[in-house]
Amino acid sequence: AIARHFNEKRPDYDGLFRQPANPSKSYMILRPGFWRGQQHGGRGDAVHARHMRPRCDIISTTDPEHLEESPNNLVLFMPYLHWETDRSRHKFEESMRNITEEHTKRDEQRGKKFLYVSSAEVNSQNRQVSTSSSKKKPPSVDASVEYINPDKPLLRLKTPTEMASKTSVVKALTRGMVAPKTLLGQVLYRAAQISEAMDCYHEEQLLKEYLHGEPPFHPRRTLDQSYYWTLQSTKKRDRDQVVYRGTAPKKKFIHNAHCKTKEEPPCRQCWDDIRKVPRVIMVDQLWLWILNGNTIITSFPKRYGRNKPDPSAVHKSIRLRLKLVRKNEIRSIYDLALIVIDECSKVFFDRTKTADRQPQMMDLFAEAIGNVNNRTTIYYDHFWDITRRLSKVYKDKIIVDDVEEQAKSLLDINPEGDLSREIKDVLDELHIMLNIKSKQQRVLKDFQKHVEYILAPELAIAKDMGTAREKTVTALKIHDNQQTNPANGDTDKTEHQENTGEIRKKMALKAEKDAKWTMEFAIRLSADLNNRVVDLNHLKESAEHTEKAVDGLLGLKQQQAGVVQAREAVRQAEETLRQGRSIMLFTVITIIFLPLTFGTGIFGMNLETFGSSWTLHKEMTYIFFVSIVIIVTSLILGFSPFVRSLLSLVLGVSWVWFVTSTRLYDLWFLSKQDSSALTRKRVLISRRWKEEARRKYLERQDEKQQRLEAEELKKAKQNQKKTTQGEVAEAYVRSTRPDSNV
C-alpha cells in the first residue's frame, strides 16, 4: 500500500544491514530502523513474542540522517487492549501450534542447508511448495463431518468425546450437554459448525501462508502473552483471567450438577449459564503511517473469525465515529490519526457500546475485587468468632466438645491462600494493563511532539518556541482569459497584489486555527487517556487495599496458630508435670517398700544359719533399721541437690586422686588411646581386612580364569589332533583305492 501510494515497486527485504544504492521512498519509509529493526521476537522465541516496540517518529524519505525542511511523513506503533472469545482464541492457538510443528519438522528435514539459504530463495521455495501443494492436495474438509448418503443432505455427528478436547475436565463438562439427540438438533449443530468453519477459513489460510514467512505474521496476543512473552505456553494463565472467570459459567452451577433430575425443567441459573460465553482480554497492535501529510495508512487486527459486523471492532468504531463527526472536527490528517488512536485506546472505557458481547472489563474487575472483599470480611468474622469462643474456653476452663475442631480450623490457611492468589492475579493483570496504558501515553506524547514540530510554521507561538520556519502558501493561478490592460496596468497590478495578500492572510489564519485545533485535540485526547489511567489506578488501589486485608488476615491466623500451639505446649507441659508427680509418688512408695520387701524375703528363707534363737521381734528390728537407713539415704540423694553435689565432689576428687597417685593417668597418656585414635585404628583395621579379602577374591578369579583358558587350550589341541588324524586316515583310504591317481 505504501509503494502504491508513491507509485513505486514494492521494496524487497535484503536484511537489516543492507541498503540499496538508490533507495526509493517506500524503502525509506520501511527501512530497518523504522520497521524490521523495531520488531521484538526472533526465530527462537515463541510466536506470541512477536510485536512492534511502541514508537512514534518522523521519517525522512530523502536523507536518513537529517530531517526534511518540511517533514510530512510519520510512523506510529502502539499496543491497545481488545477482547476475544476463549473458544476462538483456543482454536487459533491450536492452529498456530500445529503450523509451527509442521514448520519445525520441515526445517529439520532441510537440515543445515536451510541456514545458508537466502531469504529470497526461501520465499521462492515457500511459493513453489504452496503452489505444488495446492495443485496436488484436494481442499481440506472438516474431519468431524461424515456424509452418510450423498443423496440425503444429512450429516452424522461424532460422539462428544471425539468432538471435545481430550482433557478430563472438558469431557466431564460436555458429557450429555453438547451432542444433540434429535435429528433437527444434529442438523442445526452441524450447520453452526459449518458456519464457524467458514468464518475461520480465511484466518487459517492466512496463518498457514504467513505465520513463518518473511516478514513474519504477528498474531494476536493475550494479556499474559504480551507481558510474559518468554513463556512457551500461557494457556493456564489465560484461563485464570479476571474477565474469563467473570464471563465463564461456574462449574458448580452447570445444568447436570445443579438440577437434581433430567426430568425437571432447567432452572433460571442453568439458562443464564448456557448463554454465557467465556472471554479473555487480548493485546492488539496499531500500525499507523502518515504519508505526505495527506494520506493515512493503518493496520490493526480484527477478532478471529468475524466475517460479520462486529460493533466492538476498531474499524467499525472508526467508521461510526466518522459518520457522527461534527462539522470542522477533522481539519487535517492528524485529526483523523488522533481519532484512530482514541478509538484504539478506549475499547473497554466506552460505556455506550453494549450491543455486542464485549465484556465490561472495569465492572468485572470491580466485581472481582468486591467478591474478595466480601469473602475477606466473612473470614474475618469467622476468625474473631472462633478466637472469642476459644478465649472463653481457656479463661473459664469450660469443657467444650468441638474446641479441638475449632482450634484446628485456625491452622488451615487454604481459604485465605485462595483469596491471596486471586487478588494477586487481579493486581498482576492491572499492572499489565497500566503498563500498556503507559506505553500509549508515551506514544501519544511523542505523536503530539512531532505533530507540533510539523505544524510549527502554522502556529503563532512558534516564534516563542524557537521552532518557527518560513510559511509556504500555495500560489494563486490566474485564468487565461484574465489579461491586464496596458492603460490601467498599474492599477490592476496593485489590486491583484492586495487581493493576493488578503487571501494569504486568510489562508495563514485558517492554517493557524487548524493547527491550534489539532494541538487542542491532542491535549484533550491525552487528558482522556490520563483519566483512563486514573480509573485503572483506582482499581489497583482498591485491590492493594484488599490485598493488605487478606495479608493481615493471614498474619492474624498465623499468630493465632502460634498461640494455639503455645497453649497446646503449655497443656502438654502441665500434663507431663502431673504425670511426673504421679511417678514421683510411685517412686517414693517403691523406695519405702522395696527394702522392706527385700528384708522380708531374706528373713523368710528357711535356713539353719539364723538358728532357732531369732524371734519375730529381732527380725523386725533388723529389717526396719536397715530399711530406714536405705530409705532415708535414697530420699536424701533423690531430693537434695546439695547432697548430690557433695557426693559428686567427694567421689570425683577421690577418683582423680586415685588415678594420679597410682600413675594410671601417666600410662593412659603415654598410650594416647583417646576416642579419635581408637576410631582411626578401627577404620584402618577394617580397611586392611577388606583389602585383603578383595585381593584374595581377585586371585581366585585369576586362578579360575587361568584354569578355564588351560581347559580351552587343551580341548583345542585335542580337536586339532583328531582333525589331523582324520585327514591322514582319509588320505590313506584314498591312496588305497584302485582308481586313485596318487
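This is a predicted model: local features need pLDDT of at least 70, side-chain atom pairs count only at pLDDT 80 or more; totals for chains, interfaces and linings use all residues.
Start with the whole chain. The protein has 742 residues, and 30% of them count as buried. Its secondary structure comes to 23 helices and nine strands.

How far can the coordinates be trusted? The average pLDDT for the protein is 77, and 75% of the residues reach at least 70.

Now for the helix pairs. Two packed helices can be described by the angle between their axes and the distance between those axes. Take helix α14 (residues 333-345) and helix α17 (residues 414-454): their axes come within 12 Å and cross at roughly 175°. Since angles over 145 degrees count as roughly antiparallel, that is the label for α14 relative to α17. On the α14 side, the contact is made by Tyr 334, Ala 337, Leu 338, Ile 341 and Ser 345. Across from them, α17 brings in Lys 437, Gln 440, Leu 444, Phe 447, Val 451 and Ile 454. Sorted by class, this contact of α14 with α17 holds eight nonpolar, two polar and one charged residues.

The second pair has another geometry to look at. Helix α20 (residues 616-639) and helix α21 (residues 641-661) pack with their axes 5 Å apart, at an angle of about 95°. An angle from 65 to 115 degrees counts as roughly perpendicular, so α20 and α21 get that description. In α20, the residues involved are Ile 636, Leu 637, Gly 638 and Phe 639. They meet Pro 641, Val 643, Arg 644 and Leu 647 in α21. By class, the contact of α20 with α21 divides into six nonpolar residues, one polar and one charged.

Most residues other than glycine have a negative phi. Asn 7, though not a glycine, has a positive phi near 55°. This residue sits in the loop between α1 (2-5) and α2 (25-29). With a relative accessible area of 71%, Asn 7 is exposed. Asn 292 is not a glycine either, and its phi is positive at about 55°. Its place is the loop between β8 (279-291) and β9 (295-299). Asn 292 counts as partly exposed, at 32% relative accessibility.

Arg 31 lies in the loop between α2 and β1 (39-40). Is Arg 31 buried or exposed? Its relative accessible area is 10%, so Arg 31 is buried, the cut-off being under 20%. Arg 31 and Ile 59 are 28 residues apart along the chain, and 9.7 Å separates their C-alpha atoms. Ala 511 belongs to helix α19 (residues 489-603). At 23% relative accessibility, Ala 511 counts as partly exposed.

How values were computed. Residues are numbered from 1 along each chain as its sequence is written. Side-chain values use heavy atoms; hydrogens and water are left out. pLDDT is the predictor's confidence in each residue, from 0 to 100. Axes are lines fitted to C-alpha atoms, for helices over the stretch in contact, and angles run from 0 to 180 degrees between N-to-C directions. Helices (H or I, at least four residues) and strands (E, at least two) are DSSP runs, numbered from the N terminus. Angles under 35 degrees count as roughly parallel, over 145 as roughly antiparallel, 65 to 115 as roughly perpendicular and the rest as oblique. Contact means heavy atoms within 4.5 Å. Ala, Val, Leu, Ile, Met, Phe, Trp, Tyr, Cys and Pro count as nonpolar, Asp, Glu, Lys and Arg as charged, and the others, Gly among them, as polar. Buried means under 20% relative accessible area, exposed over 50%, partly exposed in between (1.4 Å probe, protein chains only).
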